[in-house]
Amino acid sequence: MAASPGWARNRKRRRNDHLNMANDVAMQREEQILNCSMPDMEDGYGNQEEEIVAMIEELPAVVEMATNQVDDEVTQTNEMSSSMDCSPVQVKTIHISSPILAAKSPFFYKLFSNGVKESEQRHVTIRIHASEEAALMDLLNFMYCNSLPRTSPSDLLDVLMAADKFEVASFQPLTDAAKKFLAARFKDISKFQEEVLNLPLAGIEAVLSSDNLQVASEDAVYDFVLKWARTHYPKMEERREILSTRLLRFIRFPCMSCRKLKKVLGCNDFDPEIASKVVLDALFFKAEAPYRQRSLVAEEANTSSRRFVERAYKYRPVKVVEFELPRPQCIVYLDLTQGECAQLFPAGRVYSQAFHLGGQGFFLSAHCNMDQQSSFHCFGLFLGMQEKGSVAFAVDYEFASRTKPSEEFVSKYKGNYTFTGGKAVGYRNLFSVPWSAFMDDDSPYFIDGILHLRAELTIKQ
């Protein structure tokens with residue numbers, strides 16, 4: 001995938017180049033304690049104004065393409081000249097119809113109506129890098145004929161980037177194919193942070209639209225979107241505009257933690273009214289009964305809106321209810337599908353997203369492990385504290401599960417532990433049955449294919 005890094009590097013240089021327009025305009029039960037430190041809960045994501053021209057330092061060759069505003073005939077001639085820095089320049093002259101390009105691109109509209117001088121000359125020049133030539137020619141062909149001569153994923157990506165650069169938006173089939181390629185290429189954005197951070201707006205929209213985006217949580221998506229926007233739009237007014245009109249719809253606020261939603265309300269990057277609305281909508285969704293939440297998710301199944309649909313998060317979302325009095329306490333709900341549990345066999349584990357009590361981050365982890373006394377596989381549940389440090393937290397905890405036939409939560413284990421971080425405490429065989437009985441079709445622990453777990457944590461005084 002050679003095209004993507006090249007365009008990412010081009011993006012950085014694009015901000016420092018400029019469009020030269022004179023005579024010529026220049027064209028990215030038994031309590032067990034485990035060493036069970038949780039991986040980092042957040043993917044790590046932490047300018048200049050957008051310009052037109054892009055070049056790569058190690059490839060000084062540049063293509064100048066002159067566009068005649070009248071003729072529909074397209075011809076090309078090659079000649080060699082020198083740029084101002086004495087780099088070799090290849091010049092191609094293309095005769096086109098300016099109304100067609102101007103009608104489909106604000107960039108070309110501005111270029112062809114930039115004053116009397118250019119209008120009299122009927123000749124403009126776009127200065128681009130040699131690596132962009134093929135993509136620009138494909139884009140021009142698409143604007144004229146609505147077809148593409150090359151349709152490989154990398155070629156589609158190049159044309160999508162060219163379309164973003166030259167502000168061409170009306171090519172939905174091309175956009176869909178390129179977006180699908182981008183979403184698959186960068187589904188784990190933590191592995192391609194620099195490349196994804198340097199993608200243009202159209203590329204970021206493609207990545208963020210995917211349900212298969214592999215991130216720690218939706219909180220991490222929110223943090224990444226802010227970092228991208230701050231990098232590409234350093235001016236507050238421009239950043240607010242691009243967030244509200246283009247990017248906000250890709251953040252699934254109902255899937256974010258309440259802790260992060262509070263930060264949204266105080267974030268200056270968002271218009272206060274818009275921030276209040278998205279947070280309020282998210283909180284209303286969280287307050288809905290589970291059956292109603294599932295109904296809202298189902299309603300979005302065949303729509304472009306994906307506000308309520310969970311992505312392929314690395315850590316399972318939890319619902320948390322917090323209390324301050326009479327003692328700091330939280331009740332955490334973790335749901336796992338029967339399919340997710342089946343994938344744990346024979347020695348897997350799945351982590352919950354982080355939740356907080358007393359200012360400290362905690363997590364749940366579900367395991368398939370061996371019962372040390374009976375030597376069979378079984379289901380275990382553990383509680384851990386994220387941060388290692390000198391602060392000790394004495395916590396009473398209780399695990400419960402919804403169980404048939406009553407389908408009410410039934411207590412399965414109670415314990416207490418003083419956490420200092422780096423350890424997880426819990427019970428290896430939560431249901432006191434072998435794995436096969438736990439996963440059986442008649443298992444009393446799966447209700448409509450869902451295992452409903454609850455953990456109550458209370459800080460000891």
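Colleague: Where does Pro405 lie?

Modeller: This is a predicted model. In it, Pro405 lies in the loop between strand E12 (393-403) and strand E13 (408-419).

Colleague: And what kind of peptide bond joins Lys404 and Pro405?

Modeller: A cis one, with omega about 5°. In general, most peptide bonds are trans.

Colleague: Which other residue is found in the loop between E12 and E13?

Modeller: Glu407 is found in that loop. Its phi is near 60°, which is a positive value in a residue other than glycine. Most residues other than glycine have a negative phi.

Colleague: Is Glu407 buried, partly exposed or exposed?

Modeller: Glu407 has a relative accessibility of 34%, so it counts as partly exposed. The cut-offs are under 20% for buried and over 50% for exposed.

Colleague: Changing topic. What is the peptide bond from Leu325 to Pro326?

Modeller: That bond is cis, and its omega is near 0°.

Colleague: Where is Pro326 found?

Modeller: In the loop between strand E6 (319-323) and strand E7 (329-337).

Colleague: Now the helices. What is in the loop between helix H6 (153-165) and helix H7 (172-185)?

Modeller: Glu167 has its place there. Glu167 is not a glycine, yet its phi is positive, about 60°.

Colleague: What is the relative accessible area of Glu167?

Modeller: It is 30%, so Glu167 is partly exposed.

Definitions and conventions: Residues are numbered from 1 along each chain as its sequence is written. This is a predicted model: local features need pLDDT of at least 70, side-chain atom pairs count only at pLDDT 80 or more; totals for chains, interfaces and linings use all residues. Side-chain values use heavy atoms; hydrogens and water are left out. Helices (H or I, at least four residues) and strands (E, at least two) are DSSP runs, numbered from the N terminus. Buried means under 20% relative accessible area, exposed over 50%, partly exposed in between (1.4 Å probe, protein chains only).
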